[in-house]
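Dear colleague,

Please find below the structure that I am handing over to you. My notes on what was found in it follow directly after.

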Amino acid sequence: AAENVAEREERLVACLNILRRTPIGDAEENIAGLASLLASAVDADAAEELYQRSDPPLGHAIDPSASAEAAEGGEGGSPTKKAFIISDYNRDGDSYRSPWSNFYYPPIATATTAGGESGGFQPSPALRQAEIMANEVFDSYRSLYYGSGDSSIASVYLWDRDGGNTVEGGGGFAGAFLIKKEIQEEDSDRHLRKGAWNSAHVVEVVPSPEGRTAAYGMTTTISLMVEPNAKAVAEGIGSDSSTNTCISGSLSKRSDRVLPISSTNDGAEHIANIGAMIEDVEIEMRSSMDSLHIQKTRYVVDSVRSPSAAGNGGKVATLLTEAVLARQANKS
């Protein structure tokens with residue numbers, strides 16, 4: 001049995017290593033293919049674990065009941081907030097829970113739900129109120145940093161920690177704060193064909209026994225994919241090449257803070273603390289991505305072939321011709 005567990009883990013690690021070395025844009029297709037191989041070679045649980053341990057691109061869906069909820073003064077939010085992010089953090093089987101209406105789509109029918117519309121996992125009532133507030137706040141954050149158009153979506157999903165001690169009773173909770181932004185060629189300048197940015201902040205909140213502080217542990221994963229418009233770039237440098245190039249990668253960072261709180265069951269205070277952590281870490285990782293990782297990529301490419309000679313094409317050609325003629329003269 002121990003050998004089977006070790007072999008199962010070895011195959012999972014091999015699949016994760018493959019995913020780290022493949023383009024982010026192909027992650028969803030590659031995960032599905034590797035999961036199918038694991039299901040046939042090991043078991044279905046191994047395939048499910050691969051989905052849990054990998055970071056596929058965030059998807060999105062439309063909540064058809066959000067407008068109706070808003071019109072009736074319910075908890076669905078404003079009529080414009082219909083889109084929500086789909087991920088493992090709001091999945092139950094093949095259905096996904098909307099943070100606006102708290103319904104699953106496609107609906108999960110159970111014997112205990114009224115009308116069979118909202119089965120599946122649900123946060124506790126107090127945590128659900130904190131989740132509604134967090135989505136409103138995080139949507140404003142999205143508008144400030146990622147633009148207010150339809151190209152960006154933000155969603156927050158909260159759940160009670162194991163042990164049954166809910167946030168209402170002074171216990172902790174966990175949550176996922178997600179942002180997705182996509183850019184198409186028609187939405188950008190002519191030098192960008194398409195691009196995508198995914199941010200996933202997974203947070204765990206543990207209040208202290210005396211209730212005066214709370215420990216916040218946050219794991220952030222940011223993935224970026226950029227595909228320049230090859231034709232426009234080629235025209236800009238005076239080239240007739242139109243080879244497509246895709247640049248993609250991801251960064252992860254762990255952040256831990258202990259912050260003061262006035263009440264363990266004050267969801268607004270927790271959201272404010274988490275929001276400050278997310279803002280700080282995104283600014284830091286965005287700066288690191290630009291000043292370190294992108295510059296390093298540029299340095300590696302320049303070390304393979306110097307771009308400085310491109311602007312002196314005529315001079316280089318003349319030098320090469322003179323060198324060839326001189327070599328021929330020496331031979332004769």
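In which helix is the place of serine 36? Serine 36 lies in helix 2, which covers residues 27-41. Helices (H or I, at least four residues) and strands (E, at least two) are DSSP runs, numbered from the N terminus. Serine 36 counts as partly exposed because its relative accessibility is 47%; buried means under 20% relative accessible area, exposed over 50%, and partly exposed in between (1.4 Å probe, protein chains only). Between the C-alpha atoms of serine 36 and glutamate 48, twelve residues apart along the chain, the separation is 10.0 Å.

Please note that this is a predicted model, in which local features need pLDDT of at least 70 and side-chain atom pairs count only at pLDDT 80 or more, while totals for chains, interfaces and linings use all residues. Residues are numbered from 1 along each chain as its sequence is written, and side-chain values use heavy atoms, with hydrogens and water left out.

As a whole, the protein has eight helices and ten strands. It has 332 residues, of which 36% count as buried. Of the contacts (heavy atoms within 4.5 Å) between residues at least 6 apart in sequence, 59% join residues at least 24 apart.

Five strands form an open sheet in the order 6-7-8-9-10, with antiparallel pairing; two strands pair if DSSP finds at least two bridges between them. Strand 6 (152-160) and strand 10 (247-260) are the edge strands, each pairing on one side only. From one strand to the next, the twist averages 10 degrees. Angles run from 0 to 180 degrees between N-to-C directions, and axes are lines fitted to C-alpha atoms, for helices over the stretch in contact. Helix 5 (residues 125-146) packs on the sheet and touches strand 6, strand 7 (173-184) and strand 8 (192-207). The direction of helix 5 makes about 155 degrees with that of strand 6.

Strand 8 and strand 9 pair in the antiparallel sense over 15 bridges, and tryptophan 197 has leucine 224 in strand 9 as its bridge partner. Five residues lie between these strands in their hairpin, where glycine 211 takes a positive phi near 80 degrees. Strand 9 (residues 213-228) is also joined to strand 10 by 14 bridges, and these two run antiparallel. Here threonine 220 has lysine 253 in strand 10 as its bridge partner, and methionine 225 stands opposite serine 248 in strand 10.

With kind regards
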